[in-house]
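Here's a quick briefing to go with the picture you're about to see. Take a moment to turn the structure around before you read on.

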Amino acid sequence: MTNEIIFEQTWFRSFWITTGKRILDITISIFGVIVSLPVWLMAGVLISLDSKGPVVYRQRRLGKDGKPFWLLKLRTMYNGAEVDTGPIWSCEKDQ
């Protein structure tokens, strides 16, 4: 019984299925970026008007297979918030 579950066909993807999924993922991602770009630009303008400092926050993270990558996101905290402590988890009474 156990071998049937572990070695079921759905566990193994063919080259064509994997490649097709990757192409579909990239196509949908590009479409999503194009559609949401005006919102990102407006948010960037509002962040720059609200406070000084860079609009984009950059942080090093670990990805698939432990491979490090740089995460870029719009800044949602004040500039220099992690200077004294370094990156930390938020807490219940975080402002």
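How many bridges join strand β1 to β2, and do the two strands run parallel or antiparallel? Seven bridges hold the pair together, and the strands run antiparallel. Keep in mind that this is a predicted model. Let's start with the whole chain and then zoom in.

**The big picture**

- Of its 95 residues, 6% count as buried.
- Take the contacts with a separation of 6 or more: residues 24 or more positions apart account for 21% of them.

**The two strands**

- Strand β1 covers residues 56–62, while β2 covers 68–74.
- If you want a spot to look at, find Val56, which stands opposite Leu74 in β2.
- The hairpin of β1 and β2 has five residues between the strands, and in this hairpin Asp65 takes a positive phi near 60°.
- A handy thing to know about strands: in a regular one, the side chains alternate between the two faces of the sheet.

- Met77 sits in the segment after β2.
- Is Met77 buried, exposed or partly exposed? Its relative accessible area is 29%, so Met77 counts as partly exposed.
- Leaving out residues up to four places away in sequence, Met77 touches Tyr57 and Glu82.
- Met77 and Ser51 are 26 residues apart along the chain, and their C-alpha atoms are separated by 9.5 Å.

- Side chains of opposite charge can pair when their charged atoms come close.
- The structure holds one salt bridge, and its partners are Asp25 and Lys21.
- The closest N and O atoms of Asp25 and Lys21 are 2.8 Å apart.
- How far apart do these two sit along the helix? Asp25 and Lys21 are four residues apart in helix α2, so about one helical turn separates them.
- Both partners are partly exposed: Asp25 has a relative accessible area of 31%, and Lys21 has one of 39%.

**An aromatic pair**

- A search of the whole structure turns up one aromatic pair.
- The rings belong to Phe15 and Trp16, with centres 5.0 Å apart; because their planes lie at 75°, the pair is edge-to-face.
- Phe15 is exposed, with a relative accessible area of 55%, and Trp16 is exposed too, at 68%.

- Val33, Leu37, Val39, Trp40 and Leu41 make a nonpolar surface patch of about 480 Å².
- Leu41, one of the patch residues, is found in helix α2, which spans residues 15–50.
- Leu41 counts as exposed because its relative accessible area is 56%, and the cut-off for that label is over 50%.

Conventions: Residues are numbered from 1 along each chain as its sequence is written. This is a predicted model: local features need pLDDT of at least 70, side-chain atom pairs count only at pLDDT 80 or more; totals for chains, interfaces and linings use all residues. Side-chain values use heavy atoms; hydrogens and water are left out. Buried means under 20% relative accessible area, exposed over 50%, partly exposed in between (1.4 Å probe, protein chains only). Contact means heavy atoms within 4.5 Å. Two strands pair if DSSP finds at least two bridges between them. Patches are made of residues with over 30% relative accessible area and no salt bridge: like charges are joined within 9 Å, nonpolar side chains (Val, Leu, Ile, Met, Phe, Trp, Tyr) within 5 Å. Accessible areas come from the Shrake-Rupley method with a 1.4 Å probe; for residues, only the protein chains shown count as cover. A salt bridge is a side-chain nitrogen of Lys or Arg within 4 Å of a carboxyl oxygen of Asp or Glu. Rings of Phe, Tyr and Trp (its six-membered ring) pair if their centres lie within 6.5 Å; planes under 30 degrees apart count as stacked, over 60 as edge-to-face and the rest as tilted.
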